[in-house]
Amino acid sequence: MSSHGGTRAIIAALSANAFIAATKFGAWALTGAASMLAEGVHSLADTSNQILLLRGGQVARREASEEHPFGYGRAPFINAFLVSVILFSLGGLFAVYEAFHKYEEVVAGHPNELLESQWWWVPIAVLVFAVGAEGLSFRTAVRESTPLKGRQSWLQYIRSAKSPDLPVILLEDFAALLGLVFALIGVGMTLLTHNGLWDAFGTGLIGVLLIAVAVTLAVETRSLLLGESATPEAVRQITDALAGADGVQRVIHLKTLHLGPAEVLVAAKIAVEPTTSAARVAEVIDNAEAAIRAANPMVTSLYLEPDIDRAPRAT
């Protein structure tokens, strides 16, 4: 459900951003509004990011190979990190630069193309349309994320999600809507006050917003790349399954690792009944493996080490 929902949200965002980027660049070409250029680059960055996310999902489905024995499940994590880099550099830093450049032009007394253009109304129309399109994309992302979020807050969901696709789309769409509001403030106040500093101000806000979102994404995806354990609920399911398996006396220690959004590696040492029969030990391990896979189908790699319980017993 997470994979299909994420793909739907990505395609919805990709479709919206590709068209919106073209309209924003058109509005900038007609009026020279810095806010429109910054928003155009923002939408272009978002479009590139969504292509990266789709590509990450495709790579993750490749079969394991000798070179990559645990498969390609981390491809979405890598591409999500690249998304943060693109958003920071292409979106955020460019917008900050453009804001500074526009500020210099206004202070130097250069003519304001937006105020002198007969197409002054185009940026407003484009931004209002973009708000509607981005709102629909954001609604799709929220609808697909809600069943996975459960009772968590949205911030908790974004921070704990093992699949980066939906959290990335949620953050991008939310940032896009805020960016459009900032652009509307910049363009609208410039038209009302005939002061181009408002355009520079709106552009600067867009840049700061994108940098903040990019840093948030980088921090979260970095944690996934370093390797996160399974969720507490999944660990509990696996531990209970092991402890309840026939022949397992107790779980000595257990470690889990997400190999991908829906792939978990489990390594555990279990105490088995003292016996000299290798066949019985193998039977206990088989029972334990079957119990774990039944309890949590996301376990794709499983390594169990049998041992004799040497823990001191209460007298």
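## A buried histidine

Let's start with His-258, which counts as buried because its relative accessibility is 2%. You'll find His-258 in strand β1. Before going further, keep in mind that this is a predicted model.

What does the side chain of His-258 reach at 2.9 Å? That would be the backbone oxygen of Gly-260. Leaving aside residues up to four places away in sequence, His-258 also touches Arg-74, Phe-77, Lys-162, Glu-228, Ser-229, Ala-230, Glu-263, Val-264 and Met-298.

## Over to Ala-60

Next up is Ala-60, which belongs to helix α2, covering residues 34-60. Is Ala-60 buried or exposed? It counts as buried, because its relative accessibility is 17% and the cut-off for buried is under 20%.

Again not counting residues up to four places away in sequence, Ala-60 touches Tyr-72, Gly-73, Ala-75, Pro-76 and Glu-263. Glu-263 turns up among the residues touched by His-258 and among those touched by Ala-60.

## Salt bridges around Arg-280

The model has a count of 10 salt bridges. One of them pairs Asp-246 with Arg-280, and their closest N and O atoms are 3.6 Å apart. Asp-246 sits in the loop between α9 (232-244) and β1 (248-260), while Arg-280 is in helix α10 (residues 278-295), so this pair ties together parts that are 34 residues apart in sequence.

Arg-280 has another partner in Glu-283, and here the closest N and O atoms are 3.4 Å apart. Both residues lie in helix α10, three residues apart, which is about one turn of the helix. Glu-283 is partly exposed, with a relative accessible area of 39%.

Another salt bridge links Glu-305 and Lys-269, with 3.7 Å between the closest N and O atoms. Glu-305 is in strand β3 (residues 299-308) and Lys-269 is in strand β2 (residues 263-272), so the pair ties together parts that are 36 residues apart in sequence.

## A nonpolar patch on the surface

Finally, let's look at the outside. Which residues form a nonpolar patch on the surface? The members are Leu-30, Trp-119, Trp-120 and Trp-121, and together they have about 420 Å² of accessible area.

Leu-30 comes from helix α1, which runs over residues 2-31. Leu-30 counts as partly exposed because its relative accessibility is 38%, and a patch takes in residues with over 30% relative accessible area.

Terms used: Residues numbered from 1 in each chain as written. Predicted model: local features only at pLDDT ≥ 70, side-chain atom pairs only at ≥ 80, totals over all residues. Heavy atoms only, no water. Patch = residues over 30% accessible without salt bridge, like charges linked within 9 Å, V, L, I, M, F, W, Y side chains within 5 Å. Areas by Shrake-Rupley, 256 points an atom, 1.4 Å probe, with all protein chains shown as cover. Salt bridge = Lys/Arg side-chain N within 4 Å of Asp/Glu carboxyl O. Helix = DSSP H or I, 4+ residues; strand = E, 2+ residues; numbered from the N terminus. Buried < 20%, exposed > 50% of the residue type's maximum accessible area, 1.4 Å probe, protein only. Polar contact = N/O pair within 3.5 Å; in protein donor to acceptor, adjacent residues only side chain to side chain. Contact = heavy atoms within 4.5 Å.
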